[in-house]
Amino acid sequence: MTWIGDNLGLIWEQLREHIYLSIVPVILGLLISVPLGYIAVRFNWLANPLIAFGGVLYSLPSIALFIVIPAILGTKVLSTVNIIIALTIYTVSLLIRNVIDGLRSVPVEVRQSAVAVGYSPLHRLIAIDLPIAVPVIFAGLRVVTVANISMVSIGAVIGIGGLGELFTLGFQKDFLTPVVVGVVLSLLLALVADVVLVTSQRLLTPWARITATPVEVG
């Protein structure tokens with residue numbers, strides 16, 4: 001406990017970095033995956049190749065990406081950009097399937113009705129397709145977010161890893177407390193992120209709560 005009290009500044013700094021490195025790739029990945037998923041659904045022949053390509057990308061070792069990306073982009077090895085790009089790639093590779101499945105889950109008659117009343121493709125996507133696809137997309141977001149929170153720690157191998165740097169510190173000094181703090185905070189961060197996503201999904205899909213409410217008869 002003494003170590004924790006003496007190093008609150010360090011712990012808070014690593015936690016903030018961990019949150020930043022975990023969440024930014026999720027946001028970027030979502031912004032990339034939605035247009036890609038829409039294009040794949042619009043041109044159906046693209047869907048399976050995109051999903052397969054995503055599987056290949058996700059199979060790439062994260063440490064290798066952290067090291068290769070600076071060589072490709074010319075960024076510094078210790079730049080946070082490398083981790084953000086790598087985790088964005090992982091986010092897109094996982095999320096693209098959920099976006100495609102979510103958009104495919106929109107009933108044909110709903111799309112036809114939207115077209116019949118004059119919805120443009122973009123208006124229909126925003127007002128009809130995406131709201132209906134929210135549960136499937138958010139299921140993927142929850143997996144991706146927790147995975148990113150876990151993978152950020154691996155960045156400590158190259159000197160940038162948020163809470164992962166507490167693991168490195170503990171191992172280097174053969175001192176367990178920083179490792180325990182890093183593990184506990186990582187778990188709490190994953191839990192909080194999941195609760196936020198579940199709450200956001202419920203707010204975005206109020207009709208789901210109404211549908212799930214049992215109707216009393218008699």
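**Notebook: helix packing and cores in a predicted model**

I began with helices H2 and H5, whose axes come within 6 Å and cross at roughly 40°; the axes are lines fitted to C-alpha atoms, for helices over the stretch in contact, and the angles run from 0 to 180 degrees between N-to-C directions. That angle makes H2 oblique to H5, on a scale where angles under 35 degrees count as roughly parallel, over 145 as roughly antiparallel, 65 to 115 as roughly perpendicular and the rest as oblique. I noted the crossing of H2 and H5 as right-handed; a crossing is right-handed if the near helix is turned clockwise from the far one by less than a right angle, and left-handed if anticlockwise. The residues of the contact of H2 with H5 divide into 22 nonpolar, six polar and two charged, where Ala, Val, Leu, Ile, Met, Phe, Trp, Tyr, Cys and Pro count as nonpolar, Asp, Glu, Lys and Arg as charged, and the others, Gly among them, as polar.

Before going on, I wrote down that this is a predicted model, in which local features need pLDDT of at least 70 and side-chain atom pairs count only at pLDDT 80 or more, while totals for chains, interfaces and linings use all residues. Residues are numbered from 1 along each chain as its sequence is written, and side-chain values use heavy atoms, with hydrogens and water left out.

**The chain as a whole**

I looked up the elements and found ten helices and zero strands in the chain; helices (H or I, at least four residues) and strands (E, at least two) are DSSP runs, numbered from the N terminus. The C-alpha trace of the chain spans about 65 × 55 × 25 Å along its principal axes. Of its 218 residues, 40% count as buried, with buried meaning under 20% relative accessible area, exposed over 50% and partly exposed in between (1.4 Å probe, protein chains only). Among the contacts in the chain with a separation of 6 or more, residues 24 or more positions apart account for 73%, contact being heavy atoms within 4.5 Å.

**Two further helix pairs**

I next took helix H4 (residues 62–73) and H5, whose axes come within 9 Å and cross at roughly 120°. That makes H4 oblique to H5, and H4 passes H5 in a right-handed crossing. On the H4 side I listed Ser62, Leu65, Phe66, Ile69, Pro70 and Leu73, which meet Asn82, Ile83, Ile85, Ala86 and Tyr90 in H5. By class, this contact of H4 with H5 holds nine nonpolar, two polar and no charged residues.

For helix H6 (residues 108–116) and helix H7 (residues 121–152) I recorded a packing angle of about 165°, with the axes 11 Å apart. H6 is therefore roughly antiparallel to H7, and H6 passes H7 in a right-handed crossing. Val110, Arg111, Ala114 and Val115 of H6 make this contact with Arg124, Ile128, Asp129 and Ile132 of H7. The contact of H6 with H7 comprises five nonpolar, no polar and three charged residues.

**Nonpolar cores**

I then turned to the cores, each a set of buried Ala, Val, Leu, Ile, Met, Phe, Trp, Tyr and Cys residues joined through side-chain atoms within 4.5 Å. The largest nonpolar core has 19 residues, of which Val99, Ile100, Leu103, Phe138 and Leu141 touch the most other members. Helix H2 (8–42), helix H3 (47–58), helix H5 (80–104) and H7 each supply at least two residues of this core, and its largest share, seven residues, comes from H7. Leaving aside its neighbours within four places in sequence, Ile100 is in contact with Gly37, Ala40, Val41, Ala47 and Ile51. Apart from this core lies another, of 13 residues, among them Leu21, Leu87, Tyr90 and Val152.

**Single residues**

Ile84, placed in helix H5, counts as buried at 9% relative accessibility. Beyond its neighbours within four places in sequence, Ile84 is in contact with Tyr20, Leu21, Val24, Pro25 and Leu28.

Ser153, in the loop between H7 and helix H8 (164–172), is buried with a relative accessible area of 14%. Not counting residues up to four places away in sequence, Ser153 touches His18, Gly161, Gly164, Phe167 and Ser186.

Asp174, in the loop between H8 and helix H9 (176–204), is exposed, with a relative accessible area of 73%. I noted that phi of Asp174 is near 55°, a positive value in a residue other than glycine.
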